Amino acid sequence: MGAKIIAVLETMWDWRQQTSSAGYKQAPRHFKINPRNFSGRRLYRIAGPDANLLVTNACRELVGSASQHGKPDPAWLRENLDLLMPFDVLLVCGKVAQATYAQTGFVFDRTVLMMHPAARTWTNAMLDEAAANVQALVAQGAAV
C-alpha cells in the first residue's frame, strides 16, 4: 500500500440510497472512493494508483442528488482529520471544502488546495502537474 492521502470533498451524494441503506444517517466520517466514478478516477490519477486514498467531507449530511448540498461543518471536518492522522498528503478539493477547512484550525504542511476533481476545467496537463506535486509532497514527508 502506498502513501496515505486524504481528500476533502464537499457533500456525499447518497447515490441510489446505497449509503443510507447501509445504515448511515449521515455521511461516514471517511470512506474509500470508487476508483471507477468520475471524481474517484481523477483523485486516483492525482494520488497515484497505489495510494491509500480516503475521502472525508466538509458537510456531514447525505444528500439525494448531485445538485443538492449539505451545510458545511468545520468542527465535524476537524474531528475527521484528527481521526485520520497520521497521513502523508491532504487534498482539499473545491471552494466549499477549502472554506470549511480554513475554519477548522487544522494545520498540515503537506496540504494541496485544488479544484474539485469533477470540475470541468481540469486538463490532462493540469492533472499530471497535480499528480507530480502530490508525489513530491509524499517524498518530502518520507524524508522527514
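Which side chain does Asp 109 meet in a salt bridge? The legends below cover a predicted model, and the last view gives the partner.

**View 1. Overall fold of the predicted model.** The protein contains five helices and six strands, ordered β-β-α-α-β-β-α-β-α-β-α from the N terminus on. Of its 144 residues, 47% are buried. Among contacts with a separation of 6 or more, 65% are between residues 24 or more positions apart. The accessible surface is about 7,800 Å², and carbon and sulfur atoms contribute 55% of that area. Five salt bridges are present in the structure; the next views show some of them.

**View 2. Salt bridge between Asp 73 and Arg 60.** The closest N and O atoms lie 3.0 Å apart. The pair links distant parts of the chain, 13 residues apart: Arg 60 sits in the loop between strand 3 (52-57) and strand 4 (62-63), and Asp 73 in the loop between strand 4 and helix 3 (74-84). Asp 73 is buried, at 17% relative accessibility, while Arg 60 is partly exposed, at 27%.

**View 3. Salt bridge between Asp 82 and Arg 78 within helix 3.** Here the closest N and O atoms are 3.2 Å apart. Because the two residues are four positions apart in helix 3, about one helical turn separates Asp 82 from Arg 78. Asp 82 has a relative accessible area of 41% and is partly exposed; Arg 78, at 29%, is also partly exposed.

**View 4. Salt bridge between Asp 109 and Arg 110.** The partner of Asp 109 is Arg 110, with an N to O distance of 3.5 Å. Asp 109 is exposed, at 59% relative accessibility, whereas Arg 110 is buried, at 10%.

Terms used: Residues are numbered from 1 along each chain as its sequence is written. This is a predicted model: local features need pLDDT of at least 70, side-chain atom pairs count only at pLDDT 80 or more; totals for chains, interfaces and linings use all residues. Side-chain values use heavy atoms; hydrogens and water are left out. Buried means under 20% relative accessible area, exposed over 50%, partly exposed in between (1.4 Å probe, protein chains only). Contact means heavy atoms within 4.5 Å. Accessible areas come from the Shrake-Rupley method with a 1.4 Å probe; for residues, only the protein chains shown count as cover. A salt bridge is a side-chain nitrogen of Lys or Arg within 4 Å of a carboxyl oxygen of Asp or Glu.
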